[in-house]
Amino acid sequence: MAAPSVSVSVESAIEHQIQEVRYDGQEVYVSPLSMSENLSKLAHKIDFFKDESEEKGKPTSEGEKESDEEKVLAPFQPSLWPWDSVRNKLKAAFTEISVLYDVLNIVKEKHYMVTDPVSQDPPELKASLQMLAKKKSLVAAAQILSVGAERLKRVQAEMASNTQENFLMELLKLRKNWRLKKVHNTILGELSYKSAGSRFWQGGTFEVLKTSDLAAEGEVVYKKSSLDVSIPSELEGVAYIQVEVKNVTDLMDMTSATLKMPAGLGSVPTDAYWQQKLEVAQNVLFCKELFAQLAREAVQVKGTTPHMVVGNQILTNVFPGIQLSIVLCHYTGKEKKVNLSPHKLEHNHVLEHSLHQLLREVHDRNLRYSPPHPVNAMLGMTKRRRLAGPKAMSRQELMEMGENESLLEQILKQTKHAVLRIRSMHVIDQLAISIQDPQICAHWNCLNNSLESSVRISITSYCYETIRTPLVLIIGIESIRVIMKDGRVCTLSFEDNELRDLLQWQICQHHAHSIQNLAKLQGWQVLSSIVSSGHGDMETYGTTSNVMLASPKGNIILAFHSNPVSGHKLAIKKVDPAVDTHSSPAVTASKWASLSGEFQEVNLNQLEGRNLVGKIDMLMARLTLS
């Protein structure tokens with residue numbers, strides 16, 4: 001019985017030719033040829049220049065082979081005609097063209113041959129097979145349409161979101177503003193100010209991440225950027241330096257030592273743009289460096305008043321009863337909500353800006369040094385130190401030159417000046433409101449600095465603005481310099497009572513000065529004028545200004561008395577010039593003898609006039625005619 005037939009496939013062994021054997025024993029094979037390469041290889045083996053007529057004359061029998069071998073032994077005989085090969089090839093080409101021409105005539109003319117299709121039985125078509133084929137075709141078409149719809153949806157989503165950027169473009173933007181470096185497969189960045197001159201120990205390294213625009217299910221997820229950053233946990237949240245100047249009854253107020261960030265301040269959202277995250281984190285690092293510098297100086301610097309560092313707060317006294325509080329407020333969103341009273345949330349933005357500016361100046365000094373002069377001199381020596389030798393400076397001057405003020409000392413000076421300026425402003429405003437006569441007008445200079453400011457005060461009376469008493473206040477750190485109308489300079493302390501007394505004294509002098517100007521206009525004679533009189537009753541504060549006037553006829557004497565406490569008094573005395581009452585040889589004129597005697601006080605409230613100067617002006621005009 002014959003065994004069942006078994007199909008055996010004979011294939012060539014999958015072995016490739018070895019091209020190279022490396023030193024480590026690895027064999028490099030020659031890749032097999034493709035079908036096109038194999039076809040081109042076989043085509044190169046064909047000799048297209050060989051004449052087919054030579055193959056036709058090949059021998060077929062053994063006798064012919066023997067005769068051919070004998071002919072081969074004969075010497076080579078060249079062709080009788082040199083153009084014989086060209087003639088043979090042209091003849092063969094003519095034959096082929098003739099055949100082609102005949103074929104075309106037969107197909108075109110159809111006189112010689114007619115081609116009819118062979119009839120075949122139509123195949124049997126089943127409805128189920130047709131339905132299945134159509135279903136498969138529809139499924140394939142639906143799949144193609146769904147893939148195209150997803151692509152269109154992705155394109156529409158990218159076009160709708162204007163902030164959608166490529167990861168590489170976003171990385172280029174990030175690199176323009178922040179320092180980046182690649183460590184293995186991770187991109188790291190730096191937030192610190194070390195390149196700007198900072199020497200803070202804490203670093204600010206962040207990681208650059210890549211986000212995807214589409215979810216796994218194909219749902220469109222709108223992202224602000226294809227790039228995201230990972231901030232360290234110690235730099236998360238929002239931070240700022242709170243500077244508060246407040247009045248305290250005790251020497252040091254410890255109730256606000258645990259002051260924290262109020263819960264109302266918002267945190268940075270998780271889906272925020274990477275630039276916003278980095279700026280907020282860098283601000284947190286800057287605030288920590290600033291507070292660490294102030295806390296270190298508060299412990300090291302020895303001042304007249306002790307400085308206290310309690311937790312995240314620095315306390316110090318500026319003036320008696322005035323306390324400066326510097327707090328590092330860092331809110332990460334995990335703290336408990338603290339309801340603070342409104343008076344504890346008074347924040348001085350100007351001093352906070354000054355602190356930021358002072359720290360940036362320190363960074364600039366650390367980074368920028370004065371160029372050496374000459375070039376072989378020590379680096380960092382200032383021009384003033386270089387001129388110390390030629391100018392023969394003393395040791396004390398050199399020591400003062402080497403002393404640098406700390407940040408805490410500078411901010412304390414600015415705080416003292418700010419407190420003194422606000423006090424002076426309040427005193428001037430209170431006097432301008434409470435005293436209607438005369439008018440007090442203050443012009444603050446806009447070109448001030450952080451340690452000195454000036455204000456020009458003008459004291460005038462209504463309808464008598466040509467008569468004015470100017471006054472200039474130069475407010476410093478702990479004192480106020482006052483420049484009077486006559487050029488005298490007076491120095492006041494930080495107490496606001498001294499400034500109030502001085503202004504009230506200037507008001508009394510203004511009244512006396514105004515009456516003297518009225519006397520010149522109406523022809524009255526000034527008998528005496530005392531700006532600071534020591535006569536009379538002792539007042540609580542201030543000094544008295546006295547003016548005595550004589551009428552043009554000399555028959556009326558007018559005495560004016562002005563004091564900040566007791567007020568203004570006006571007295572009048574009538575004198576008969578025909579009666580000679582003086583008998584002393586020291587008195588040369590009768591007008592001096594009329595200074596003594598009984599004066600009658602005038603009720604200023606019953607006189608007509610809008611203000612004091614107007615009332616006295618009306619009275620002097622009436623007495624001149626009498």
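Which backbone nitrogen does the side chain of Asn563 reach? The side chain of Asn563 reaches the backbone nitrogen of Ser566, at 3.3 Å.

## About the model

This is a predicted model, in which local features need pLDDT of at least 70, side-chain atom pairs count only at pLDDT 80 or more, and totals for chains, interfaces and linings use all residues. Residues are numbered from 1 along each chain as its sequence is written, and side-chain values use heavy atoms, with hydrogens and water left out.

Let us return to the opening residue. Asn563 belongs to strand 18, residues 556-563; helices (H or I, at least four residues) and strands (E, at least two) are DSSP runs numbered from the N terminus. Asn563 counts as buried because its relative accessibility is 2%. Here buried means under 20% relative accessible area, exposed means over 50%, and partly exposed lies in between, with a 1.4 Å probe and protein chains only.

Ser461 is a residue of strand 12 (residues 453-461), and it is buried too, at 1% relative accessibility. Its side chain makes a polar contact with the side chain of His510, at 3.1 Å. A polar contact is a pair of N or O atoms within 3.5 Å; within protein, one must be able to donate a hydrogen and the other to accept it, and residues adjacent in sequence count only if both atoms are side-chain atoms.

## Aromatic pairs

The structure holds four aromatic pairs. Rings of Phe, Tyr and Trp (its six-membered ring) pair if their centres lie within 6.5 Å; planes under 30 degrees apart count as stacked, over 60 as edge-to-face, and the rest as tilted. One of the pairs joins Phe200 and Trp201 in a tilted arrangement, 5.5 Å centre to centre with 50° between the planes. Phe200 is buried, with a relative accessible area of 11%, while Trp201 is exposed at 69%.

Phe319 and Phe494 form a stacked pair, with 4.7 Å centre to centre and 15° between the planes. This pair links distant parts of the chain, 175 residues apart: Phe319 is in strand 9 (residues 313-319), and Phe494 is in the loop between strand 15 (489-492) and helix 12 (496-522). Phe319 is buried at 4% relative accessibility, whereas Phe494 is partly exposed at 22%.

## A charge over a ring

What sits over the ring of Phe286? The charged end of Arg360 does, 4.5 Å from the ring centre. A charge sits over a ring if NZ of Lys or CZ of Arg is within 6 Å of the ring centre and within 35 degrees of the ring normal.

## Salt bridges

Side chains of opposite charge can pair when their charged atoms come close. A salt bridge is a side-chain nitrogen of Lys or Arg within 4 Å of a carboxyl oxygen of Asp or Glu, and the count by this rule comes to five. Among them is the one between Glu405 and Lys413, whose closest N and O atoms are 2.3 Å apart. Glu405 is partly exposed at 38% relative accessibility, and Lys413 is partly exposed at 29%.

Lys416 forms a salt bridge with Glu478, the closest N and O atoms being 2.7 Å apart. Lys416 is buried, with a relative accessible area of 16%, while Glu478 is partly exposed at 43%. Arg488 and Asp486 also form a salt bridge, with the closest N and O atoms 2.7 Å apart. Arg488 is partly exposed, with a relative accessible area of 41%, and Asp486 is exposed at 51%.

## Gly333 and its loop

Gly333 is found in the loop between strand 10 (322-331) and helix 8 (349-367). Gly333 counts as partly exposed because its relative accessibility is 43%.
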